[in-house]
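Here are my notes on the model, as numbered points. Have the structure open while you read.

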Amino acid sequence: MGFLGAIMLNSYSVLLLSVMLAYTYYYSEKNNRQHKLFSLMIITNIFMLILDMLGRFDGNIGTVYPVLNCVGNFAGFFFNPVLPSLWLIYAYTQTHRESRIKKSLLYIIFLVFMANAATLIVSQFTGILYTIDENNIYHRSRWFWVASAYI
């Protein structure tokens, strides 16, 4: 899929998620934590789609395109564990409606975030997850699967 196709698909997805967000805002109980978490998951998904659009400036060597490509890919990898973590908390609150979220669950999520961030920072110097070459083209590296393991 080319740049324009990815932008169109992501824009369409953002539009659908915005409709879902509006629907949940108008037709659900807004004061419970399940609604808040579900809305936050939708907003996070929209944010991740926007980051994905920024990371699609492959091959464009204009003045701002390499910066957008680098920022989009870095931020996309950095925030990758957010949506699965929110889903985990959401699932926990669905099955344990009256109890507070266990600290052990939050510690595990924090450790995953720290491991992801450390791997991403190391990758900026070693290229173990991805590289962006001098022609502003993104390349997955041999250890790309490590980032996928965090989600």
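1. Let's start with Phe74, which is partly exposed at a relative accessible area of 30%. For the record, buried means under 20% relative accessible area, exposed means over 50%, and partly exposed is in between, with a 1.4 Å probe and protein chains only. Phe78 is also partly exposed, at 33%. Both Phe74 and Phe78 sit in helix H3, four residues apart, or about one turn of the helix.

2. A word on what you're looking at. This is a predicted model, where local features need pLDDT of at least 70 and side-chain atom pairs count only at pLDDT 80 or more, while totals for chains, interfaces and linings use all residues. Residues are numbered from 1 along each chain as its sequence is written, and side-chain values use heavy atoms, with hydrogens and water left out.

3. Back to the rings. How many aromatic pairs does a search of the whole structure find? Eleven. Rings of Phe, Tyr and Trp (its six-membered ring) pair if their centres lie within 6.5 Å; planes under 30 degrees apart are stacked, over 60 edge-to-face, and the rest tilted. Phe74 and Phe78 form a stacked pair, 6.4 Å centre to centre with 10 degrees between the planes. Ring pairs also link Phe47, Phe74, Phe78 and Phe79 into a cluster.

4. Another pair to look at is Trp143 with Trp145. Their ring centres are 5.7 Å apart and the planes sit at 40 degrees, so this pair is tilted. Trp143 is partly exposed, at a relative accessible area of 37%.

5. Now the overall layout. The protein has six helices and two strands, and from the N terminus on the elements run α-α-α-α-α-β-β-α. Helices (H or I, at least four residues) and strands (E, at least two) are DSSP runs, numbered from the N terminus. The C-alpha trace spans about 55 × 35 × 20 Å along its principal axes. Of the 151 residues, 33% are buried. Take contacts between residues at least 6 apart in sequence: 58% of them join residues at least 24 apart. Contact here means heavy atoms within 4.5 Å.

6. Helix packing: have a look at H3 (residues 65-78) against H5 (residues 103-126). Their axes come within 9 Å and cross at roughly 155 degrees. That makes H3 roughly antiparallel to H5. Axes are lines fitted to C-alpha atoms, for helices over the stretch in contact, and angles run from 0 to 180 degrees between N-to-C directions. Angles under 35 degrees count as roughly parallel, over 145 as roughly antiparallel, 65 to 115 as roughly perpendicular and the rest as oblique.

7. Who makes that contact? From H3 it's Phe74, Phe77 and Phe78, and from H5 it's Asn116, Ala117, Leu120 and Gln124. By class, the contact of H3 with H5 has five nonpolar, two polar and no charged residues. The classes are Ala, Val, Leu, Ile, Met, Phe, Trp, Tyr, Cys and Pro as nonpolar, Asp, Glu, Lys and Arg as charged, and the others, Gly among them, as polar.

8. Ser148 is in helix H6 (residues 144-149) and is partly exposed at 36%. Phe38, in helix H2 (residues 33-54), is 24 Å from Asn116, C-alpha to C-alpha, and 78 residues away in sequence.

9. What does Phe38 touch, leaving out residues up to four places away in sequence? Met20, Thr24 and Tyr90. Phe38 is partly exposed, at 27%. Ser85, in helix H4 (residues 82-95), is buried at 10%. With the same exclusion, Ser85 touches Ile109 and Phe113.

10. There is one salt bridge in the structure: the side chains of Asp52 and Arg56 meet at 3.3 Å, N to O. The criterion is a side-chain nitrogen of Lys or Arg within 4 Å of a carboxyl oxygen of Asp or Glu. Asp52 is partly exposed at 29%, and so is Arg56 at 32%.

11. Last, please check Asn136. Its phi is positive, about 65 degrees, although it is not a glycine. Most residues other than glycine have a negative phi. Asn136 lies in the loop between strand S1 (130-132) and strand S2 (138-140), and is buried at 3% relative accessibility.
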